[in-house]
Every structure is written in structure tokens, then in C-alpha cells.
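Good morning, and thank you for joining this group meeting. Please turn to the sequence and the structure, which I shall now put on the screen.

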Amino acid sequence: MRKQLQQQVRAKLEIIGSENNAVPFNAIDNPVLDILKQKNLKPAAICSDSVFIRRAYLDLIGTIPSYQEVKQFINDPSATKRAQLVDTLLERQEFYEYWSLKWGDILRIKAEFPINLWPNGAMVYQRWIRESIKNNKPFDVFTRELLLGSGSNFRNPPSNFYRAVAGKDPLTIAQTVSLTMFGVRYDKWDAATQKNLPEFFSRIGYKGTAEWK
């Protein structure tokens with residue numbers, strides 16, 4: 001998961017610079033530059049080091065850098081210091097703590113109405129997400145484990161995904177997956193996808209458990 005985020009951050013914070021620097025450095029830059037070109041927009045100028053370090057800290061670990069960290073970064077003459085800063089922040093404990101909270105919001109982890117997670121389930125679910133980010137689990141593996149999760153939502157954390165969905169019908173599940181995993185509203189898909197996606201989830205089943213709540 002860190003690899004994809006690393007590319008996104010570099011594209012957002014550094015690569016899309018002045019008009020003369022509109023050169024793709026990774027796979028994410030290409031579609032961004034294409035969209036800017038289609039809309040006849042010029043890339044914004046590259047930000048200063050002081051602005052960059054503040055943005056990087058806030059985006060990656062949810063806090064601002066200390067005075068010493070800012071001073072050290074600004075005085076560093078290395079041409080690759082921005083990329084190195086991103087790599088360093090991705091290895092800090094604050095990164096996976098902060099991003100596990102973000103994913104907790106996206107996946108609606110809370111033990112209160114209308115979400116159907118009991119505290120036991122919410123606890124193990126949040127812990128599983130934190131460990132997935134800490135261990136740099138690939139996003140496709142992370143998604144597959146969520147969508148294929150089965151069994152007790154107390155003992156198999158990913159199975160909480162379906163418990164947290166607002167409804168149990170295939171359409172509601174498809175709408176949730178579309179927005180959560182693809183970042184696309186369900187009604188933005190073509191007609192064929194809108195038809196096929198709910199069918200994919202039509203065999204999801206729910207059953208009771210002998211475990212308390």
C-alpha cells in the first residue's frame with residue numbers, strides 16, 4: 001500500500017511543477033498530465049521546500065514538522081531530498097497510525113447505529129487495518145481479503161466489511177464497494193458494469209453465531 005501512496009504523494013507534492021517541468025516521473029503522472037492537457041491547464045509551479053515539507057508531513061503522518069526538521073530539510077543540498085523525505089515518513093510509526101484511522105473512516109468502523117459492528121468486531125477490524133498498513137500489504141491483497149472475508153467477524157477481521165455496509169442487498173454492497181475500493185460513484189459506471197457488479201455480490205450470505213452479539 002505504501003508504494004501506491006508514495007507515487008501519489010510525489011505526483012501531488014513535487015512532480016507536477018512548472019510548465020517546463022511537466023514531465024512524467026511515474027505511472028500516476030501520466031493520467032494527471034493528460035487531464036491537465038485536456039482542460040488546457042498548466043501545471044502549477046513547484047512549491048518551496050518549506051511548503052513541501054509541511055504538506056508532506058500533514059498528508060502522510062497528520063502533523064506538522066518540528067523547527068529542527070524544517071531547518072535540516074531546507075539546508076539539505078541533495079537534489080533527491082524530497083523523495084527521500086517521503087520515503088522516511090512512510091516508515092514512521094505515525095504513518096500507519098494515521099492512515100489506519102483514515103481507512104477506519106472510509107470503511108466506517110464504529111460500534112454505534114447505524115453501523116452493525118459490535119465493539120469486539122470494531123476492535124479487531126481496526127487492528128487488522130493497522131497491521132496491513134504497517135506490513136505494507138499490497139492494495140489488491142488488502143481488497144481481496146476484505147471482499148472474500150468469511151466467518152466470525154470477531155475472529156476474522158476482514159469479514160467486518162460486510163457487517164459495516166448499510167444494507168445486505170447486492171445493490172447496496174456494490175455501491176459501497178464501488179465508492180470504497182474504486183473511488184467512483186456507482187451511477188458513474190456504464191450500464192453493463194451497473195448490471196454486473198450487483199450480480200457479483202448476489203451470493204453474499206449472512207448467518208447468526210453462537211458468540212455473544
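I shall speak about salt bridges and then about one serine.

Please keep in mind throughout that we are looking at a predicted model.

I begin with charged side chains. Side chains of opposite charge can pair when their charged atoms come close. How many salt bridges does the count come to? The count comes to 10 salt bridges, and I shall discuss some of them.

My opening example is the pair formed by Asp49 and Arg82, in which the closest N and O atoms are 2.9 Å apart. This pair links distant parts of the chain, 33 residues apart. Asp49 belongs to helix H3, residues 49-61, and Arg82 to helix H5, residues 81-90. Are these two partners buried or exposed? Asp49 has a relative accessibility of 21% and therefore counts as partly exposed, since buried means under 20%. Arg82, with a relative accessible area of 8%, is buried.

I turn next to Glu97 and Arg130. These residues form a salt bridge whose closest N and O atoms are 2.8 Å apart.

Elsewhere, salt bridges with shared partners join Asp49, Lys81 and Arg82 into one network.

Finally, I come to the serine. Where is Ser178 placed? Ser178 sits in helix H10, which covers residues 170-182. Why does Ser178 count as buried? Its relative accessibility is 0%, and the cut-off for buried is under 20%, so Ser178 falls within that class. Which residues are in contact with Ser178, once its neighbours within four places in sequence are left aside? They are Gly183, Val184, Arg185, Tyr186, Trp189 and Leu197.

Terms used. Residues are numbered from 1 along each chain as its sequence is written. This is a predicted model: local features need pLDDT of at least 70, side-chain atom pairs count only at pLDDT 80 or more; totals for chains, interfaces and linings use all residues. Side-chain values use heavy atoms; hydrogens and water are left out. Helices (H or I, at least four residues) and strands (E, at least two) are DSSP runs, numbered from the N terminus. Buried means under 20% relative accessible area, exposed over 50%, partly exposed in between (1.4 Å probe, protein chains only). Contact means heavy atoms within 4.5 Å. A salt bridge is a side-chain nitrogen of Lys or Arg within 4 Å of a carboxyl oxygen of Asp or Glu.
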